[in-house]
Amino acid sequence: FTRNLFDLLDSDEDGEIDISDLMSSLDRLECASTDTKWYLWIEERFNISMTDDRKITFEHFKNALHLDKTFFAERFFTLFDDNGDGKIDMKELITGLELLTNGTQADKITFLFRVYDLDGNGYLSGDEMRTVLKSCMEESKLKLGDQQLDELMDVFFEEMETNNKGEIGLDQFKAFLSEYPGVAENLSISAAHLLKPPVTRSKTMSSYIPRRLRWEYIKKNPIKVFFVTLYVLLNAALCIWVGIERRHQGGWIILARINGMCLNFNSMFILVLMMKGLLTWVRSTRFGKFFPIDQHIIFHKCVAGVILFQSVLHFIGHLGRYITTDPPSGKPKFEVWEYMFTTRTPEGWVNGSAGITGVLLLIILVVMSILSQPSVRKRGFFELFYYTHHLYIVWWVLLILHAPNFWKWFIGPAVLYFAERILRLRIVNRARYGKTIIEEGITLPSKVTHLVIKRPPNFQYKPGDYVIINIPQIAKYEWHPFTISSSPDLTGYVWLHIRGVGTWTKKLYDFYEEKEEEECKRKSVKRATIRQRKARSIKDKERQTQRSIRQRYASSVKRHRLGVIVEEEDEEPQEDINTNEAVDALSEVVIENKPTVAKERKKAALGKSVNVEMQSPEEYGRLRSLDRNAANKLEIYIDGPYGAPATHFTEAEHAVLISSGIGVTPFASILQTIMLRYKNASHSCPNCDYCWVGDVPYSLRKLQKVDFFWINRDQHSFEWFLSLLNQLEVEQSESEGVFNDHFLDMHIYMTSALRKEDMKALGLQLALELIHSKKEKDLITGLKTRTNPGRPDWDKVFSELQQQNHGKISVFYCGNPALGNTLKAYCQKFGFGFRQENF
């Protein structure tokens with residue numbers, strides 16, 4: 001018994017019992033009913049042994065529970081501190097934490113009521129609830145105005161019974177929360193998961209097998225696995241072939257030659273993987289679905305790694321040969337450094353240059369590999385990556401000089417590749433699209449620049465496509481890829497939304513921010529007013545262009561139905577149409593994104609020349625002013641468009657579009673396109689205003705349902721496309737009969753907002769939910785769609801999608817790669833198709 005008692009009191013197991021051991025044992029005896037494993041975990045989590053008196057101060061408590069804001073940290077600390085001595089001992093801590101993690105529903109609600117009851121009088125007053133709601137907003141990083149806060153207060157007190165003083169008692173509070181049983185049962189704090197000891201799980205045999213070699217992965221990724229296997233087999237076949245041919249020449253020569261032959265193949269193949277034009281064409285054909293085109297950038301990186309590895313082995317093989325092999329009799333002997341750094345040796349296709357070109361090739365590869373790492377770009381050194389990556393031209397030239405047979409592998413793909421590069425030259429770009437300018441640049445507080453680009457008449461693209469742009473005034477030689485965020489059916493302009501994260505994007509944002517500040521000073525208005533005016537101006541111009549398109553389209557259809565053929569020279573120019581907009585409109589009459597009636601373009605040009613001759617002096621002066629304004633606008637060069645995974649949305653029956661942050665851009669284009677094409681194909685009854693779709697657009701006939709998910713970190717990030725989402729909601733609700741019930745469902749998530757199960761957010765989230773149910777309006781975004789706090793429960797979300805039975809589900813994702821991996825795993829679990837855009 002004595003020995004057992006000694007071991008119990010010797011908590012640090014050092015063979016001695018000191019004061020700290022004794023105090024720790026006494027604390028443990030006071031919490032004898034608590035699970036030992038959990039008690040020890042809490043003791044370790046709060047570093048109790050590091051404190052002098054085994055008591056926790058406020059700062060210690062706040063940091064351990066990750067309570068960033070002061071209000072709830074102080075309230076929790078005060079309620080935990082039963083004796084009011086300003087510190088929490090182990091018994092008080094364990095009691096409080098057990099209530100938060102394992103307490104009954106009634107106990108949790110009572111505790112929450114005490115948190116809200118600031119003066120401790122047993123009732124919640126209006127001032128107390130206002131303080132609580134403000135603190136809840138701080139915890140969720142929300143900013144709402146006083147009027148919105150009043151709305152929250154009103155709806156909260158309307159739903160609860162109050163006494164004659166307008167105060168809420170504990171019984172009324174419990175009755176109200178009993179209507180939300182799931183919330184009350186799971187009530188806790190966001191850091192509750194930190195209070196659970198980690199669960200150690202024994203590893204199974206399959207866990208030691210790499211994930212990509214498991215049968216589950218192979219079965220769900222057959223195309224990718226097939227091409228990777230084919231690539232490995234091709235390299236293996238080349239190794240075996242060369243190894244057999246060189247089997248009598250020694251190990252060092254075999255090592256050098258088999259890797260040299262593989263390098264011939266891989267140095268050609270890496271070029272094919274970056275032919276954006278070729279890959280876009282293959283994607284558009286019926287055979288595109290049999291190729292893993294969505295992963296071409298990942299394959300490019302993997303092949304680059306293989307090239308570096310094989311280059312090192314090739315270099316080692318030749319170095320070993322130089323050191324160990326003696327020259328044939330009668331031949332001069334060279335030192336190793338002569339082989340590597342001079343042209344004296346007979347090796348090489350051009351004047352003994354094999355050694356020195358090999359060393360240069362390896363140096364270039366190492367430099368390119370190091371400066372291509374994501375960490376280099378994320379730290380703001382994109383220019384290092386960009387310029388050093390162009391060493392590939394030098395690398396290929398040296399490789400042709402180094403390897404006598406490489407040109408045979410290289411010449412075919414090189415012709416195609418350099419043809420693509422020529423098309424990207426500025427002079428060719430100008431010849432294809434004419435002079436292209438940025439009509440407006442609108443900065444958003446979330447460091448996003450909205451570029452509105454005048455659309456060239458012959459620039460055709462699909463929803464979800466991306467372009468590579470160059471703005472000489474920002475950086476003369478840099479080209480950057482961005483997804484087009486406007487619909488191809490909006491014919492006047494092309495939209496790009498660019499987030500300021502790197503040197504180039506920040507410079508672009510700063511450029512337009514300075515212009516806006518100058519305009520604010522000149523006109524004495526606020527920045528928000530300038531942004532609103534710009535956005536309104538673009539909408540007005542787009543609306544005028546759409547009206548012109550509809551007029552021309554209706555006229556074209558009428559002539560087609562009546563069989564009327566009108567000669568070009570007999571037609572009179574149209575009046576009351578802005579000349580520039582008319583040219584764009586007529587050249588961009590779109591049915592399923594294909595231009596129609598070439599005669600219209602000639603007529604527009606004729607109309608333009610006639611109208612110019614008939615202009616009044618005032619009109620001429622106005623146009624001259626517009627020309628001067630155009631001269632002050634930035635010129636932009638556009639390379640593309642190029643296909644992306646999202647362009648396959650038309651092949652889906654039930655399309656699930658998931659985006660995080662600025663990854664929403666391809667889906668903005670897709671959503672606009674769906675709505676516009678259905679709207680253009682719809683008809684309405686003149687008597688009852690009932691709407692219906694005549695001929696469903698061909699590209700959308702397979703599509704039965706669309707679910708759109710947008711996940712953002714904070715409140716300001718939603719401003720990028722709120723106007724578009726609001727427009728989509730309005731059009732869907734007003735066009736009854738055009739769309740099936742809930743053809744488009746939107747799901748908005750804000751990750752910085754705490755869930756309503758969290759005590760620090762319950763009051764706010766319930767008030768927001770009540771306002772949404774009463775007014776059908778979300779107070780955060782102003783949309784009809786409710787903004788959900790926290791991250792989606794993907795298991796629950798995908799289960800609900802599966803139960804809708806709208807056909808085969810295909811998930812399209814654009815955003816953070818980490819979330820992409822999670823979604824891919826869930827898609828494999830539920831048997832959904834999955835396409836991810838990598839950027």
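Predicted model: local features only at pLDDT ≥ 70, side-chain atom pairs only at ≥ 80, totals over all residues.
Although N805 is not a glycine, its phi is positive, at about 55°.

K141 also has a positive phi of about 55° and is likewise not a glycine. Its position is in the loop between α8 (126-139) and α9 (146-159).

G352 is placed in the loop that links α17 (336-341) and α18 (354-371). Its relative accessibility is 5%, and since residues under 20% are classed as buried, G352 counts as buried.

When residues up to four places away in sequence are set aside, G352 touches T342, T343, T345, P346 and E347. G352 and L401 are 49 residues apart along the chain, and their C-alpha atoms are separated by 9.9 Å.

## Packing of α16 against α18

Two packed helices are described by the angle between their axes and the distance between the axes. For helix α16 (residues 296-324) and α18, the axes come within 10 Å and cross at roughly 150°. Angles over 145 degrees count as roughly antiparallel, and α16 is therefore roughly antiparallel to α18. The crossing of these two helices is left-handed.

On the α16 side, the residues that meet α18 are I307, L308, S311, V312 and F315. Their counterparts in α18 are V359, L362, L365, V366 and S369. Classified by residue type, this contact has 8 nonpolar and 2 polar residues, with no charged residues.

## Nonpolar cores

The largest nonpolar core of the model has 91 residues. Within this core, the residues with the most contacts are F61, Y116, L152, F173 and F708. One of them, F173, is in contact with I109, L112, F113, Y116, L124, M160 and I168, leaving aside its neighbours within four places in sequence.

Definitions and conventions. Residues numbered from 1 in each chain as written. Heavy atoms only, no water. Helix = DSSP H or I, 4+ residues; strand = E, 2+ residues; numbered from the N terminus. Buried < 20%, exposed > 50% of the residue type's maximum accessible area, 1.4 Å probe, protein only. Contact = heavy atoms within 4.5 Å. Axes fitted to C-alpha atoms, helices over the stretch in contact; angles between N-to-C directions. Parallel < 35°, antiparallel > 145°, perpendicular 65-115°, else oblique. Left-handed = near helix turned anticlockwise from the far one by under 90°. Nonpolar A, V, L, I, M, F, W, Y, C, P; charged D, E, K, R; others polar. Core = buried A, V, L, I, M, F, W, Y, C linked by side-chain atoms within 4.5 Å.
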